[in-house]
Amino acid sequence: MSLVVFTGLVGLLVAPGHIHPVLAATAILCIAVAAGASGAINMWYDRDIDAVMRRTASRPIPAGRIRPQAALTFGIFLAIASVVVMGLATNWVAGAALAGSIGFYVFIYTMWLKRRTPQNIVIGGAAGAFPPAIGWAAVTGNLGVEALVMFAIIFVWTPPHFWSLALFANGDYQRAGVPMLPVVAGAKETRRQIWLYSLVMAPLGLLPTVIGMAGLAYGAAALVLGGFFLEAIWRVKRDVQDEAGVSRSNDAPARYAFKFSILYLFLLFAALAADRMIFG
């Protein structure tokens, strides 16, 4: 949630043009509310599997703190309100993009992909990649190449990030019957896929400099961060494991990579915002 809001803010800050500070704050609030709405509807739909997974069993619905119907109603209300306010406060391109992100997360990822294919995160990751493009659209009224580049960075970042989590949460997904990649293809293949996506992810972070969206300061930061990212993922790939690919280190490298991937994306987008604001 924090990354969703932050990347949305960066998209707004790096966009050319001007937006009134009150409207900018409203746009970021709408992105946050939309993310919360998506989460509420997701937890309503996934309440059966959340109840059998250790890391989600304490969520409000399976824990009995909120009734399922109340959560669904709350989520729908927030979703509609966030889109309407975004459209009225900024423009309807941003409003439509916000609606698309909610719809993609709820209908495409949660209801269609998550329980059907190990590629759920690859395709469904698009939902989490929308925020910087929405922030950009709130200022400019369009979705230019720059917005698509920011979208692409998060889209390709998502599989290494989430599959690192899936490696050490594999038991939860097995109990819930969710076909995450480690469950379907095994830990060894998952580590290989994480590495392959990371080999694309690291250089992709340099695109803002390549297209002239950011300067050399950002490019240097992206290069260094990409190196640290690859080093963390290489440790995942080379983790001590048995013949079946099961970690003998309790997935310590994957746990580290999951946490570092969050820091990586935060610092990468912070560098993008700083480059634009300082060097213009």
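Trainee: Which side chains meet Arg59 in a salt bridge?

Mentor: Side chains of opposite charge can pair when their charged atoms come close. A salt bridge is counted when a side-chain nitrogen of Lys or Arg lies within 4 Å of a carboxyl oxygen of Asp or Glu. Here, Arg59 pairs with Asp50, at 3.2 Å from N to O. The model is predicted, so local features need pLDDT of at least 70 and side-chain atom pairs pLDDT 80 or more, while totals for chains, interfaces and linings use all residues. Residues are numbered from 1 along each chain as its sequence is written, and side-chain values use heavy atoms, leaving out hydrogens and water.

Trainee: Is Asp50 buried or exposed?

Mentor: Buried means under 20% relative accessible area, exposed over 50%, and partly exposed in between (1.4 Å probe, protein chains only). Asp50 is buried at 1%, whereas Arg59 is partly exposed at 24%.

Trainee: How many salt bridges does the rule give?

Mentor: The count is eight. One of them joins Asp46 and Lys114, whose closest N and O atoms are 2.8 Å apart. This pair links distant parts of the chain, 68 residues apart. Asp46 is buried, with 0% relative accessible area, and Lys114 is buried as well, with 9%.

Trainee: Which residues are linked with Asp46 in a network of salt bridges?

Mentor: The network consists of Asp46, Asp48, Lys114 and Arg115.

Technical notes. Helices (H or I, at least four residues) and strands (E, at least two) are DSSP runs, numbered from the N terminus.
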